[in-house]
Amino acid sequence: MKQSLKNSQSMPSRPWLQRLHIKGWASFLIFLLLFKGSAQICDIQLSTFFQNLGQFFELIKKMLHPQWSYLAVVVAPISETIKMAIVGTTIGTLVAVPFCLLAARNIAINRFISSIVRFFLNIVRTIPDLMLAALFVAIVGIGSFAGVLTLAVFSFGMISKLFYEAVETIDPGPLEALQAAGANKIQMIVFAVLPQIFNNFISYFLYTLEINVRSSTVLGYLGAGGIGVYLQRSLDSFNYSQTAIIILAILVVVLIIDGLSNYLREKLL
Amino acid sequence: MTEKPLISIKNISKIYANGTVGLKNVSLNIPAGQFVVIVGLSGAGKSTLLRTINRMHSVTQGDILIDGHSIIHYKNKQLRQLRRSIGMIFQDFNLIKRSTVQRNVLAGRVGYYPTWKSVCNLFSAADKQKAYQALQQVGMGEKLYSRADALSGGQQQRVAIARTLMQDPKIILADEPIASLDPMTTQTVMKDLKQLNRQLNITVVVNLHSVPIAQQFADRIVGLRAGELIYDKLIDQVNSEDFQTIYQSSSSSTDMENAS
């Protein structure tokens, strides 16, 4: 009784390490030092940036006069880019689904297998997409097929990580219920896992599609087809009025995908 | 029938991987058709005991017989068939919230289907009818096509009961089925369980916190304290003072001494 009275009068005190938030401040300080060191190594000089800012406005000025007639030329390659992105992302996603189920710790058959699958996925993600494009151009030749293969592998690496992390956040309750009802692993996945993550899958798919539309512009440089070929051509010939049209076209596509993604998420949720 | 119990738990002990003792030398025979309520403090081992019966938890020592067959070494298909014959009800209902009530109830039937058929949603017309009847049995027939997350807690628990009915269970295990419900829905859910017990002769084992509810519905009350079975009486021999011993663990009694 005495003890509890005493406790109610004076608040329990914390050790000074906790009271002064030493860990938090120390982490912040270390981060600041790392930031400063990194900036020095990267040779960051803001003065150079501002001295030559005129160059930037020069370029913007040229781009502010888009050559609208070029739009007709751009339509075919941009639709090719979209098709490449859709096919590539779809293939990558379909392959990613079984892999993400093997990699997710909460439903994996065992930890050893999931570790191996994760290691493999890390390797896939490490390969730069430019290298993939070069590789596939060498295998199947210049054209959009090489682009599709590149995007498929890239999407596979990205989607499988996003997917297995989503799978790991599901509510384990329904899984337990299905297991207790005598369901096997595949039945548990179809009935208890997929309904919980379907929306995440859709929005990650659309997000990857958007990234692929943008990154396929770069792939064009390597001859992997799509709008990138035209972007490269206009930049190489300093024809910024055409570049502007291409960037605008890509923006429109990205906006449409984003709108679609938002719409579907609201509908499905 | 009384001399050969449906569930026969023989001297089981459970020690978790981290060294925590879940159950200490527990023995319990449950005849078919009995409505057994297990009471005890949180952490007394009620959930562990319940989950050893359908092998959601394995035991460290001892044996469990169901219908005279030892189940502790069951694997794969045999284990799934055992679980199929034992329904389970959870505190948090464990429905698939984004699926319809119908799909949730049919999920209780997957143990009777080959994988490809259930995955392709090829449930037979008879089973769809059965799902509707199971829902009607718990008064939820008109919610067949609602989404599970549109239902209240009590309704969700009744859907969960309908799901276990799809298993054609011999036994229903209910782990704190009313802990997330208000007093009104508590009565409905407990009455549903009691009705299944009486009408379909399903053996029911329920974990509860509430002694009054236990006394209202049980045929027999079993008490656990710190992993040990310390109390076991048929309902007509139970008197209220008995519960003092169950709800007085060694640690809480020292707390009370300190406080006074």
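This briefing covers a helix pair and annotated spans in chain A, and one helix of chain B. The model is predicted. In chain A, helices α11(A) and α13(A) come within 10 Å of each other along their axes. In chain B, helix α1(B) is largely enclosed by the rest of the structure.

**Helix pair in chain A**
- Helix α11 (residues 185–219) of chain A and helix α13 (residues 240–268) of chain A have axes that cross at roughly 180°.
- Because angles over 145 degrees count as roughly antiparallel, α11(A) is roughly antiparallel to α13(A).
- On the α11(A) side, the contact includes Asn199(A), Ile202(A), Leu206(A), Glu210(A), Val213(A) and Arg214(A).
- On the α13(A) side, the contributors include Ile250(A), Val253(A), Ile257(A), Asp258(A), Leu264(A) and Arg265(A).
- The residues of this contact comprise twelve nonpolar, four polar and four charged.

**Annotated spans in chain A**
- An unreviewed UniProt entry annotates residues 84–104, 188–207, 213–231 and 243–264 of chain A as "transmembrane region".
- For residues 84–104 of chain A, the end C-alpha atoms are 29 Å apart, and the span is 95% helix and 0% strand.
- For residues 243–264 of chain A, the end C-alpha atoms are 32 Å apart, with 100% helix and 0% strand in the span.

**Helix α1 of chain B**
- Eight of the eight residues of helix α1 (residues 46–53) of chain B are buried, so the helix is largely enclosed by the rest of the structure.
- Among the buried residues of α1(B) are Lys46(B), Arg51(B), Leu49(B), Leu50(B) and Ile53(B).

Technical notes: Residues are numbered from 1 along each chain as its sequence is written. Chains are lettered from A and ligands numbered from 1 in the order in which they are written. This is a predicted model: local features need pLDDT of at least 70, side-chain atom pairs count only at pLDDT 80 or more; totals for chains, interfaces and linings use all residues. Axes are lines fitted to C-alpha atoms, for helices over the stretch in contact, and angles run from 0 to 180 degrees between N-to-C directions. Helices (H or I, at least four residues) and strands (E, at least two) are DSSP runs, numbered from the N terminus. Angles under 35 degrees count as roughly parallel, over 145 as roughly antiparallel, 65 to 115 as roughly perpendicular and the rest as oblique. Two residues are in contact if their C-beta atoms, placed from the backbone, lie within 7 Å. Ala, Val, Leu, Ile, Met, Phe, Trp, Tyr, Cys and Pro count as nonpolar, Asp, Glu, Lys and Arg as charged, and the others, Gly among them, as polar. UniProt positions are given in the numbering used here, feature names are shortened, and annotations may be inferred rather than shown by experiment. A residue is buried if 20 or more other C-beta atoms lie within 10 Å of its own, exposed if 12 or fewer, and partly exposed in between; C-beta atoms are placed from the backbone.
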